[in-house]
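The sequence and the model are shown first.

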Amino acid sequence: MMTGERTLRLLDSRFGAFLAGRCRLEGEERLRFQELTCDLSAALAAGDSCLLLAGEDQELLSRSGLVGEGPYPLMVHQGRLYLQRYFQHEQRLARQLLCLAGTGAPYSADPTLLDELFPPVSYGETDSQRVAAELALRSSFGVICGGPGTGKTSTVVKILALLLQARGEG
(Lines give C-alpha, C1' and ligand atoms only; values in the text may rest on other atoms or scores of the structure.)
Protein backbone atom coordinates (compact mmCIF):
# COMPACT_ATOMS: atom_id res chain seq x y z
CA MET A 1 0.00 0.00 0.00
CA MET A 2 1.30 3.50 -0.85
CA THR A 3 0.79 6.57 1.31
CA GLY A 4 2.14 9.82 -0.03
CA GLU A 5 5.46 8.69 -1.46
CA ARG A 6 6.08 5.88 1.03
CA THR A 7 5.16 2.23 0.79
CA LEU A 8 3.44 0.91 3.90
CA ARG A 9 4.69 -2.37 5.27
CA LEU A 10 2.54 -4.82 7.21
CA LEU A 11 4.35 -3.63 10.35
CA ASP A 12 3.30 -0.02 9.64
CA SER A 13 -0.33 -1.05 9.20
CA ARG A 14 -0.34 -3.16 12.36
CA PHE A 15 1.37 -0.40 14.35
CA GLY A 16 -1.25 2.13 13.22
CA ALA A 17 -4.11 -0.28 13.98
CA PHE A 18 -2.66 -1.07 17.41
CA LEU A 19 -2.49 2.60 18.42
CA ALA A 20 -5.84 3.45 16.83
CA GLY A 21 -7.43 0.70 18.91
CA ARG A 22 -6.23 2.46 22.04
CA CYS A 23 -7.06 6.07 21.20
CA ARG A 24 -10.15 8.05 22.29
CA LEU A 25 -11.22 8.90 18.75
CA GLU A 26 -14.08 7.30 16.82
CA GLY A 27 -15.19 6.95 13.20
CA GLU A 28 -13.40 9.04 10.57
CA GLU A 29 -11.16 10.65 13.18
CA ARG A 30 -9.93 7.24 14.33
CA LEU A 31 -9.24 6.26 10.72
CA ARG A 32 -7.24 9.47 10.19
CA PHE A 33 -5.33 8.82 13.43
CA GLN A 34 -4.53 5.31 12.20
CA GLU A 35 -3.35 6.70 8.85
CA LEU A 36 -1.07 9.20 10.60
CA THR A 37 0.48 6.56 12.85
CA CYS A 38 0.96 4.24 9.85
CA ASP A 39 2.67 7.12 8.05
CA LEU A 40 4.86 7.79 11.09
CA SER A 41 5.95 4.15 11.18
CA ALA A 42 6.75 4.24 7.45
CA ALA A 43 8.68 7.50 7.92
CA LEU A 44 10.77 5.91 10.67
CA ALA A 45 11.52 2.94 8.42
CA ALA A 46 12.63 5.38 5.71
CA GLY A 47 15.12 6.97 8.10
CA ASP A 48 13.14 10.00 9.29
CA SER A 49 12.74 10.69 12.99
CA CYS A 50 9.28 12.24 12.71
CA LEU A 51 6.33 13.02 10.44
CA LEU A 52 5.47 16.56 9.32
CA LEU A 53 1.84 17.38 10.16
CA ALA A 54 -0.88 19.63 8.83
CA GLY A 55 -2.57 21.94 11.37
CA GLU A 56 -5.84 20.02 11.52
CA ASP A 57 -3.94 16.78 12.16
CA GLN A 58 -2.19 18.32 15.16
CA GLU A 59 -5.53 19.16 16.73
CA LEU A 60 -6.90 15.68 16.03
CA LEU A 61 -3.83 14.07 17.58
CA SER A 62 -4.15 16.23 20.69
CA ARG A 63 -7.64 14.74 21.28
CA SER A 64 -6.45 11.13 20.83
CA GLY A 65 -5.36 10.59 24.43
CA LEU A 66 -2.04 9.14 23.20
CA VAL A 67 -0.08 12.33 22.58
CA GLY A 68 1.77 14.42 25.16
CA GLU A 69 4.82 14.58 27.36
CA GLY A 70 5.53 11.87 29.87
CA PRO A 71 3.94 8.43 29.66
CA TYR A 72 2.33 8.92 26.24
CA PRO A 73 3.60 6.92 23.26
CA LEU A 74 3.43 9.88 20.85
CA MET A 75 4.62 13.47 20.92
CA VAL A 76 3.73 16.47 18.76
CA HIS A 77 6.37 19.17 18.72
CA GLN A 78 6.67 22.10 16.31
CA GLY A 79 4.26 20.56 13.82
CA ARG A 80 5.87 17.12 13.81
CA LEU A 81 4.68 13.78 15.12
CA TYR A 82 7.26 11.67 16.94
CA LEU A 83 7.35 8.45 18.85
CA GLN A 84 7.92 9.71 22.41
CA ARG A 85 11.17 7.78 22.73
CA TYR A 86 12.58 9.18 19.45
CA PHE A 87 11.61 12.69 20.50
CA GLN A 88 13.46 12.22 23.81
CA HIS A 89 16.53 10.86 21.97
CA GLU A 90 16.52 13.83 19.58
CA GLN A 91 16.20 16.33 22.43
CA ARG A 92 19.03 14.67 24.37
CA LEU A 93 21.25 14.70 21.27
CA ALA A 94 20.49 18.40 20.71
CA ARG A 95 21.45 19.19 24.32
CA GLN A 96 24.68 17.21 23.99
CA LEU A 97 25.60 18.95 20.73
CA LEU A 98 24.97 22.36 22.31
CA CYS A 99 27.15 21.36 25.24
CA LEU A 100 29.94 20.22 22.89
CA ALA A 101 29.65 23.43 20.91
CA GLY A 102 30.24 25.43 24.08
CA THR A 103 33.39 23.61 25.21
CA GLY A 104 36.98 23.33 24.15
CA ALA A 105 39.63 25.84 23.23
CA PRO A 106 39.74 26.98 19.61
CA TYR A 107 43.06 26.71 17.82
CA SER A 108 44.66 28.75 15.12
CA ALA A 109 46.18 27.11 12.08
CA ASP A 110 49.85 27.45 11.25
CA PRO A 111 49.74 29.42 7.96
CA THR A 112 52.69 27.50 6.49
CA LEU A 113 51.10 24.10 7.16
CA LEU A 114 47.72 25.42 5.99
CA ASP A 115 49.28 26.51 2.68
CA GLU A 116 51.06 23.17 2.38
CA LEU A 117 47.88 21.15 2.98
CA PHE A 118 45.66 23.42 0.88
CA PRO A 119 47.63 24.80 -2.08
CA PRO A 120 46.23 27.97 -3.65
CA VAL A 121 43.37 27.53 -6.12
CA SER A 122 42.66 29.55 -9.26
CA TYR A 123 42.25 33.27 -8.80
CA GLY A 124 38.74 34.20 -7.68
CA GLU A 125 37.81 30.67 -6.54
CA THR A 126 37.19 29.70 -2.93
CA ASP A 127 38.82 26.57 -1.55
CA SER A 128 35.89 25.15 0.44
CA GLN A 129 38.05 22.51 2.12
CA ARG A 130 40.49 25.16 3.36
CA VAL A 131 37.63 27.30 4.66
CA ALA A 132 36.15 24.25 6.43
CA ALA A 133 39.52 23.47 8.02
CA GLU A 134 40.02 27.04 9.25
CA LEU A 135 36.49 27.10 10.70
CA ALA A 136 36.97 23.70 12.34
CA LEU A 137 40.07 24.91 14.16
CA ARG A 138 38.39 28.09 15.38
CA SER A 139 35.24 26.28 16.55
CA SER A 140 34.59 23.85 19.34
CA PHE A 141 32.24 21.83 17.17
CA GLY A 142 31.75 21.38 13.46
CA VAL A 143 30.19 19.18 10.84
CA ILE A 144 31.86 18.34 7.55
CA CYS A 145 29.31 17.37 4.91
CA GLY A 146 29.05 16.96 1.17
CA GLY A 147 28.26 14.47 -1.51
CA PRO A 148 30.42 11.54 -2.62
CA GLY A 149 33.87 12.53 -3.83
CA THR A 150 33.77 16.10 -2.51
CA GLY A 151 36.79 15.66 -0.24
CA LYS A 152 35.23 15.15 3.20
CA THR A 153 37.64 12.43 4.32
CA SER A 154 40.77 14.17 3.04
CA THR A 155 39.60 17.44 4.62
CA VAL A 156 39.12 15.73 8.00
CA VAL A 157 42.60 14.17 7.76
CA LYS A 158 44.07 17.61 7.06
CA ILE A 159 42.11 19.12 9.96
CA LEU A 160 43.52 16.44 12.25
CA ALA A 161 47.05 17.27 11.05
CA LEU A 162 46.41 20.97 11.74
CA LEU A 163 45.04 20.18 15.20
CA LEU A 164 47.99 17.97 16.09
CA GLN A 165 50.38 20.67 14.96
CA ALA A 166 48.45 23.37 16.86
CA ARG A 167 48.60 21.26 20.03
CA GLY A 168 52.35 20.70 19.58
CA GLU A 169 51.96 17.03 18.74
CA GLY A 170 52.66 17.23 15.00
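The sections below treat the basis of the model, a helix, the nonpolar cores, the sheet, the salt bridges, the cysteines and a loop residue.

## Basis of the model

The model is predicted: local features are given only at pLDDT of at least 70 and side-chain atom pairs only at pLDDT 80 or more, while totals for chains, interfaces and linings use all residues. Residues are numbered from 1 along each chain as its sequence is written, and side-chain values use heavy atoms, with hydrogens and water left out.

## Helix H2

Helices and strands are DSSP runs, numbered from the N terminus; a helix (H or I) has at least four residues and a strand (E) at least two. Helix H2 comprises 19 residues, 27–45. The expected span of a helix is 1.5 Å times one less than its number of residues. For H2 this gives 27 Å, and the end C-alpha atoms are 27 Å apart, so the two values agree.

Accessibility is classed by relative accessible area: buried is under 20%, exposed is over 50%, and partly exposed is in between (1.4 Å probe, protein chains only). Buried residues of H2 include Phe-33, Leu-36, Cys-38, Leu-40 and Leu-44. Just after the helix, Gly-47 has a positive phi of about 100°.

## Nonpolar cores

A nonpolar core is a set of buried Ala, Val, Leu, Ile, Met, Phe, Trp, Tyr and Cys residues joined through side-chain atoms within 4.5 Å. The largest such core contains 17 residues, and Phe-33, Leu-40, Leu-61, Leu-74 and Leu-81 have the most contacts inside it. At least two residues each come from helix H1 (10–20), H2, helix H3 (55–62) and strand S5 (80–83). H2 gives the most, with four residues. Another core, of eight residues, lies apart from this one; among its members are Leu-113, Leu-114, Ala-133 and Ile-159.

Which residues does Leu-40 contact, leaving aside its neighbours within four places in sequence? With contact meaning heavy atoms within 4.5 Å, they are Cys-50, Leu-51, Leu-74, Leu-81, Tyr-82 and Leu-83.

## The sheet

Two strands are taken to pair if DSSP finds at least two bridges between them. Three strands form an open antiparallel sheet in the order S3-S5-S4. Strand S3 (51–52) and S4 are the edge strands, each pairing on one side only.

Strand S4 (residues 74–77) and S5 are joined by four bridges in the antiparallel sense. Leu-74 has Leu-83 of S5 as its bridge partner, and Met-75 has Tyr-82. The hairpin of S4 and S5 has two residues between the strands, and Gln-78 there takes a positive phi near 50°.

## Salt bridges

A salt bridge is a side-chain nitrogen of Lys or Arg within 4 Å of a carboxyl oxygen of Asp or Glu. The whole structure has eight of them. Arg-32 takes part in a salt bridge with Glu-35, at 2.7 Å between the closest N and O atoms. These two residues are both in H2, three residues apart, or about one turn of the helix. Arg-32 also meets Asp-57 in a salt bridge of 2.6 Å, N to O. Asp-57 belongs to H3 and Arg-32 to H2, so this pair ties together parts that are 25 residues apart in sequence. Asp-57 is buried, at 7% relative accessible area, whereas Arg-32 is partly exposed at 27% and Glu-35 is partly exposed at 39%.

Arg-30 and Glu-26 form a salt bridge of 3.6 Å, N to O. Arg-30 is partly exposed, with a value of 24%, and Glu-26 is exposed, with 56%. Glu-29, Glu-59 and Arg-63 are linked in a network of salt bridges.

## Cysteines

A disulfide is a pair of cysteine sulfur atoms within 2.5 Å, and the structure holds zero of them. For Cys-23, the nearest cysteine sulfur is that of Cys-38, 12 Å away. Is Cys-23 buried or exposed? Cys-23 is buried, with a relative accessible area of 7%, while Cys-99 is exposed, at 52%.

## A loop residue

Tyr-123 lies in the loop between helix H5 (111–117) and helix H6 (128–138). Tyr-123 is exposed, at 87% relative accessibility. From Tyr-123 to Thr-155 the separation is 32 residues in sequence and 21 Å in space, C-alpha to C-alpha.
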